[in-house]
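Q: Please take a close look at one part of this model for me. I'd like to know how it sits among its surroundings, with the cut-offs behind each term.

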Amino acid sequence: MKENPKDALLRVDMEAGRLIKDGFLGEDRRPVSDIISQDLDTLAGLQVSHVELGRAMRRLTRGGMDAIGEEADVGDYLVKMEEYMGWLGCPFKDGRRAAKRNTWVKDKASGKEMRWTDLTIHLIEAHAFFQGRGSAFRLEPEALAAFLKLPGAETTDFE
Ligand SMILES: [Zn+2]
């Protein structure tokens, strides 16, 4: 499928070294719009929306901010804010910027862990963009939904 010009420009900004050192795409060669539509298909199958996922992530990140430098107890999870290094602009050019900060989350029962940045939350919540395959910050929709225990998600099959 041919990329439209707007999508091609977006791709350039998401490549490594443009807005962030490692880029948003990993080794994914698909157009950004295809990455998004395939992840949306996955979510439709799970009956979870990207907005619900983003909100759940934001709740955990907020919970972690109550205990900077220590693990915060947030319901089923332990949350720790790992670092803060300024701000990042959204590659979709909507004027939004997000703190360059990592949230580490551990499910107390399963011991599973996930990490995300504030920009990752915004990209998922506002743009349904989970990043390209091979990107250090890509979160697989199935794994994320399972981790966050959102409706319709399998809770056993994903690492
Ligand atoms: Zn944005």
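A: Happy to! The model is predicted, so local features need pLDDT of at least 70 and side-chain atom pairs count only at pLDDT 80 or more, while totals for chains, interfaces and linings use all residues. Residues are numbered from 1 along each chain as its sequence is written, and side-chain values use heavy atoms, leaving out hydrogens and water.

The helix itself covers residues 141-148 (helices are DSSP runs of H or I with at least four residues, strands are E runs of at least two, and both are numbered from the N terminus). Seven of the eight residues of α5 are buried (under 20% relative accessible area with a 1.4 Å probe, protein chains only; exposed is over 50%). Those seven are Pro141, Ala143, Leu144, Ala145, Ala146, Phe147 and Leu148.

What do they pack against? Their partners are the helices α2 (32-46), α3 (50-65) and α4 (118-127), together with β2 (77-89), β3 (97-107) and β4 (113-117), where contact means heavy atoms within 4.5 Å.

Pro141 also leads us to Asp39, which touches Pro141, Phe130 and Arg138 when residues up to four places away in sequence are not counted. Asp39 belongs to helix α2, and Asp39 counts as buried because its relative accessibility is 5%. Its side chain meets that of Arg138 in a polar contact of 3.0 Å (a pair of N or O atoms within 3.5 Å, one able to donate a hydrogen and the other to accept it within protein; residues adjacent in sequence count only if both atoms are side-chain atoms).
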